[in-house]
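Please keep the sequence and the model at hand while going through them.

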Amino acid sequence: LMPAMVWFKDTQNRLLRINRRAAASAGLRPEEMEGRQMEELYPQHTAGSLADDLEMVRSKSPKLGIVEKITDGSGRNIWLHTDKVPYFDQQGNVVGIVVMAQDITERLARDELARLLGSAVEHSKESILVTDADLDEPGPRIVFVNPAFTRMTGYTAAEALGQTPRILQGPKTDRAVIDRLKVLLRQGKAFEGEVINYRKDGSEFLMEWQVAPMRDPAGAITHFVAIQRDISVRRRMETQLLQSQKLETVGKLAGGVAHEFNSILAAIIGHAQLLLEDLGPVSPLSSSVTEIHDAAERAADLTRQLLACGRKQQLRPENLDLGRVLAGLEGTLRHLMGPAIEVRVIANSSLKSIRADPGQVEQVIMNMAMNAADAMPDGGTLILETSNITLDPEYVSRVADMVAGEFVMLAVSDTGIGLTPEIQERIFEPFYTTKDVGEGVGLGLSTCYGIARQSGGHITVYSELGRGTTFKVYFPQVGS
């Protein structure tokens, strides 16, 4: 059978000749069809076809490239690419029509699939990159990138095409990962891994990466396709969540121990006070008992901080104006900071109320201020600022263990030495300190963290080495 369907019909729409390929599509033999009217053979398709034929007879012009859908003999819908040409007698009159048609159903299906795949690639949120298969130096060249690649890296398609993926590599790109990629691709195997890459502006991002070979019908590798995604935010969230869970666990442990220890200390302090009353001030044992009493009081202060870390303190919450609390401490802060540190208070006159324990809020302010002073041994500026703030779902999705809503924010900033990323990760851990032995027990900021969380809020830190540090404490607004 020749691939094309061919038939002749007269101007009365009667089938004169038909080849076996066209007859087979109708499920009949040529002799069963020839001499019969097209209306009888294809009743559902006659109207449109006859209109085309009449127009052709009138104009004496062919109709080429017609795409139409018909139902074949098995009831299957097929698409045809049809050319119709008028047939003339010796006087130049149209006496019939020659029709040649190609079944393009599979081609249209492939084209539609290609269109869908192209649309999926164009609209994918994942970066998709295709290179040639040349693994020799300098490496495979980029032949295609989708819009997500540009959004992720900053390189436009015009800038990336013809380059190698090395344009994304930099000082922290793990060469061992790249070497493993090359080995697997040379073996015709797929690769997956993670690597630090660089955007066009030089900023780093952590990329999750899958690369697979693309083969022609004979099995030869012609290209490589890479699916890439920026997982920097996800990894940061995972780290924050793990850190938050660790703080929860350590805080609960510390708070539980402190609760039991506090009961023991209460007994020691109580009996020491009774013993002092019995001995009187003239007893030679009074000074020793006083030392015991004072040591127990200091230990009690420590347990109170541990209780705050573990959120086991007894709260006495009330509606507070954080601005007034801050104003009441301003004089004390200026005195404690000394002349080398400028204290600036930026108050919001329309600050919303919060519900918290005033003593705990004061403790948070004092702890963070003293921490800032330690970061500015040669002097600097301490800024305390309050504001109403809305945390939307998009923002809190990037910060572990934080909820959206209306908050009053207290920001405490210094111009000190700053904190390394490693210190920032552990800054709220109980007993973690960067001070020398004997200068601190590492409970100040963990206490602030515990108080903020127990009050329904949150605390964050941002710092740059040599430029200072900012702590932000978020307290829920009353009624929010």
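1. Gly154 is in contact (heavy atoms within 4.5 Å) with Phe149, Glu159 and Lys200, once its neighbours within four places in sequence are left aside. The C-alpha atoms of Gly154 and Lys200 are 5.2 Å apart in space, although 46 residues separate the two in sequence. Gly154 is placed in the loop between helix H6 (147–153) and helix H7 (157–160). With 37% relative accessibility, Gly154 counts as partly exposed; the classes are buried, under 20% relative accessible area, exposed, over 50%, and partly exposed in between, with a 1.4 Å probe and protein chains only.

2. On the basis of the note: this is a predicted model, in which local features need pLDDT of at least 70 and side-chain atom pairs count only at pLDDT 80 or more, while totals for chains, interfaces and linings use all residues. Residues are numbered from 1 along each chain as its sequence is written, and side-chain values use heavy atoms, with hydrogens and water left out.

3. The protein has 15 helices and 17 strands; these are DSSP runs numbered from the N terminus, helices being H or I of at least four residues and strands E of at least two. Of the 480 residues in the protein, 39% are buried. Among contacts between residues at least 6 apart in sequence, 57% join residues at least 24 apart. The accessible surface (Shrake-Rupley method, 1.4 Å probe; for residues, only the protein chains shown count as cover) comes to about 26,200 Å², and carbon and sulfur atoms account for 55% of that surface.

4. Leu161 is placed in the loop between H7 and helix H8 (175–186). Leu161 has a relative accessible area of 41% and is therefore partly exposed. Not counting residues up to four places away in sequence, Leu161 touches Ile142, Val143, Phe144 and Val145. For Leu161 and Ile142, which are 19 residues apart along the chain, the C-alpha separation is 5.0 Å.

5. Is Ser127 buried or exposed? Ser127 is buried, because its relative accessible area is 1%. This residue belongs to strand E6 (residues 127–132). Beyond its neighbours within four places in sequence, Ser127 is in contact with Asn146, Ala148, Phe149, Met152, Ala226, Ile227 and Gln228.

6. Helix H11 (residues 322–337) has a kink of about 40° centred on Glu330; the bend at a residue is the angle between axes fitted to the seven residues ending there and the seven starting there. The buried residues of H11 are Leu322, Gly323, Val325, Leu326, Leu329, Leu333 and Met337. Gly338 follows H11 and has a positive phi, near 85°.

7. Helix H15 (residues 444–454) is mostly covered, with ten of its eleven residues buried. Among them are Cys448, Tyr449 and Arg453. Gly456 follows H15, and its phi is positive, near 85°.

8. Ile292 lies in helix H10 (residues 286–309) and, at 47% relative accessibility, counts as partly exposed.
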